[in-house]
Amino acid sequence: MNLTDIALLNLRRKKAKAAFVLAGLLTGVATMVALMGLGSALTHEINHKLEKYGANILITPKSDQLNLSYGGLSLGGFSFDAREIRQADLAGIRKIKNSANVAAVGPMVLGRTEAAGRPVLLAGVDWNEARILKPWWKLQGKEPGPGQVAPGAEAARLLGLTTGSRVKVAGRELTVSGVLEPTGSQDDHLLFMPLASAQEILGKQGLVSLVEVAALCKDCPIEAMVSQIDQALPGAKAVAIQSVVKGRMEAIAHFKRFALGVSLLVALLGALVVLVTMMGSVKERTGEIGIFRAIGFRSGQVMRVVLTEALILSAAAGLLGYGAGHLAGELALPLFSQDGGGHLAWDPSLAGAALALALVCGSAASLYPAWMASRLDPAQALRTL
Amino acid sequence: MSMIIARDLVKTYGKGSSLVRALDSVSLEIDAGQFTAVMGPSGSGKSTLLAVLGALNTPEGGSYLVDGIEVFSLGQDQRADFRREYLGFVFQSFNLVPYLSLAENVMLPLAIKRLPKKEKLDMAHVALARVGLEGKEKRLPSEVSGGEQERAAVARALVNQPPILLADEPTGNLDQANTQRMMELLKRLGSEGMTIVMVTHSPACASYADRVLNMADGRLQGEETGKALAAVCG
């Protein structure tokens, strides 16, 4: 028998009290694990959604002329009459250091032309990339192919176009393959065509006016990627769409702060449960501690018995709390997730943090009761028997 | 040779008009292997004397030597070590830890010693056998009689093989048969060379001792031999 055995035997004998301390700590740890796990899962989901949200880097030709905006985003300037970007150079984007983070590269050529006798802005896009970059685009009809055009909602209204109708653009008869549903952006006013067709109409073969890049993913080094793109395309200027990046970061940080705050609060309550219960336990065991002291236990050894009990319970609470928190997180995830699915990943670092939290809270909350126990006057303690 | 030498021990409780002198210049010497009983009515200071001799209580004045060690010059941890090495305690209310078996209770003083578990268990079994409790090692205190609990408490006091046994009313909660058995056990331990100091208010119990010290109002009032007391008590 040693001091650890005494602690274990006491816990075994006083199961109800041990269970109470365990429950207090376990609740704190489980809450922390559930919230952190949910935080990670939701962060992943938010990232995933933001990846779908669209471009977060815009590449425009270098220009010292007027500033324009696109889609309500305040970006670097470009001018339609300024230099264009060579389409062949865009391959360089796929070769940058962080090319693995590049989800889509969407070139767009823009130019003024006439449709049905009215001036319009014609946009040529790569529809394969546009599906990733602009997932909110919904076409009533089909994507335009060669000889076809897809007007934005406002352009269709002003030009009187519907799916299947024909329209004369720059002197060519084109068919309306579909109409873009209203987006609330500048896209509503454009006429969209396949990139190559638009380049031909506008006389800009092999040239693009701007490039949208989707590079949103967890911990993407956006600023570094911007710099890498700048180096890859010397004639162009890449700009991060800060509102998207910052919005994403703020949403994630906000949830994490909330999760951390609630976790700390519940952990504190758990520690208070340990403190109160251990204080009660020490008071209840005054006589027993008197015996320990009378038969030659040093005050530090009495302290060790109490702390060992707390540490055993804390370790159990940490491990069980991780399991319980993981389970609670799994059950709660559908309530928080917009997708209503997903799952929490087993995270060894979170398990380690849960164990550490339980041990720190349990031992910190037991320090004072243990100190009280070690300071008991043995003669006085024995009188309580 | 004196194992215990106490000089002018003074211990008071309370203050002002409620001041009680529990020990009032108490001096005594007890030889190694001597069985000494301290007798007196309730409140005479005999339990306080035992607590002081057990280094559980510190007097305001006086000196106390055990085997040449000045006990009250020791720090708290050293005093705990002293209690472990020199003293065995037997209390009136048995003072066994309720959630430990008899063997585990007896092993308590060994818990802080670096000995193999098997050796500790063997020592506990020997101590229990010495007080006639073989076969009851795994029982909890609540599963044995009061007499057996008290004998287990004696076994716990013996397991470390200390030279001194301090017993505070060890038969206070026992019936006549168990009282007699306990006193014979203490007498036997005394005859085996253990120094025993027993506090009792029972002349019959004190008669087992080699020497009986009478206490009243915190002072030692005289002494007699156990034999003489036995003759008086019949």
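## Strand E8 of chain B

Thr195(B), Val197(B) and Val199(B) point one way from E8(B), while Ile196(B), Met198(B) and Thr200(B) point the other way, and all are buried (under 20% relative accessible area; exposed is over 50%, partly exposed in between; 1.4 Å probe, protein chains only). Strand E8 (residues 195–200) of chain B is thus described as mostly covered, with six of its six residues buried. Helices (H or I, at least four residues) and strands (E, at least two) are DSSP runs, numbered from the N terminus.

## Basis of the values

This is a predicted model, in which local features need pLDDT of at least 70 and side-chain atom pairs count only at pLDDT 80 or more, while totals for chains, interfaces and linings use all residues. Residues are numbered from 1 along each chain as its sequence is written, chains are lettered from A and ligands numbered from 1 in the order in which they are written, and side-chain values use heavy atoms, with hydrogens and water left out.

## Strand pairing and crossover

E8(B) runs parallel to strand E3 (residues 35–39) of chain B, and five bridges join them; two strands pair if DSSP finds at least two bridges between them. Within this pairing, Met198(B) is the bridge partner of Ala37(B).

Strand E7 (residues 164–168) of chain B is also parallel to E8(B), joined by five bridges. Here Asp168(B) stands opposite Val199(B). From E7(B) the chain passes through helix H6 (residues 176–191) of chain B to E8(B), a β-α-β crossover that is right-handed (with the strands pointing away from the viewer, the path from the first strand over the helix to the second runs clockwise).

## Helix H1 of chain B

Helix H1 (residues 46–53) of chain B is largely enclosed by the rest of the structure, because seven of its eight residues are buried. The buried residues are Lys46(B), Thr48(B), Leu49(B), Leu50(B), Ala51(B), Val52(B) and Leu53(B).

## Aromatic pairs

Over all chains the structure holds nine aromatic pairs (rings of Phe, Tyr and Trp, the last by its six-membered ring, with centres within 6.5 Å; planes under 30 degrees apart count as stacked, over 60 as edge-to-face and the rest as tilted). One of them is the stacked pair Phe82(B) and Tyr86(B), at 5.3 Å centre to centre and 25° between the planes. Both residues lie in helix H2 (residues 76–86) of chain B, four residues apart, about one turn of the helix. Phe82(B) and Tyr86(B) are both buried.

Phe89(B) and Phe91(B) also form a stacked pair, at 5.6 Å centre to centre and 0° between the planes. Phe89(B) counts as buried because its relative accessibility is 4%, and Phe91(B) counts as buried at 10%. In chain A, ring pairs link Trp127(A), Trp137(A) and Phe192(A) into a cluster.
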